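Here is a brief report for a reader new to this structure. Please look through the sequence and the model first.

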Amino acid sequence: MLNHKILITIVTPFYNAIRLLKGHFDKIKSLIKHTSIEIIYVDDGSDDNGFNYLKEKTKNLYNAQVFKLKKNCGPGIARNLGVKKANGHFILFLDVD
């Protein structure tokens, strides 16, 4: 459980998007510095290295989480998992592209 009050959760599902994730994370990392915002990434069963890339990038961030589905289920299922894991009062969806 988070110690800070999270107001907004940004859920980003992705599938085989390592190339896009690098730029996406660089752009969104300034938001993660705000203690009232959390980011949740959900890997929709990718077989590239995107999940590991994000786990490494977020390992010291209390308000960033990365989850992985065992198989590709589509963006709706990935978004639903993000919603279930969200701590914010408001939820935004932000695609990786």
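Thr58 lies in helix 2, residues 50–58. Helices are DSSP runs of H or I with at least four residues, strands are E runs of at least two, and both are numbered from the N terminus. This is a predicted model: local features need pLDDT of at least 70, side-chain atom pairs count only at pLDDT 80 or more, and totals for chains, interfaces and linings use all residues. Residues are numbered from 1 along each chain as its sequence is written, and side-chain values use heavy atoms, with hydrogens and water left out.

Thr58 is buried, because its relative accessible area is 6%. Buried means under 20% relative accessible area, exposed over 50%, and partly exposed in between (1.4 Å probe, protein chains only). Leaving aside neighbours within four places in sequence, Thr58 touches Phe25, Ala64 and Val66. Contact means heavy atoms within 4.5 Å.

Helix 2 has these buried residues: Gly50, Phe51, Tyr53, Leu54 and Thr58. Seen down the helix axis, they fall within an arc of 160 degrees, so they line one face of helix 2. The arc is that of the directions from the helix axis to the C-beta atoms. Their cover includes strand 1, helix 1, strand 2 (37–43) and strand 3 (64–68).

| Residue | Relative accessibility | Class |
|---|---|---|
| Ile91 | 32% | partly exposed |
| Asn16 | 31% | partly exposed |

Ile91 belongs to strand 4 (residues 90–93). Asn16 sits in the loop between strand 1 (8–14) and helix 1 (18–32). Asn16 is not a glycine, yet its phi is positive, about 45 degrees.
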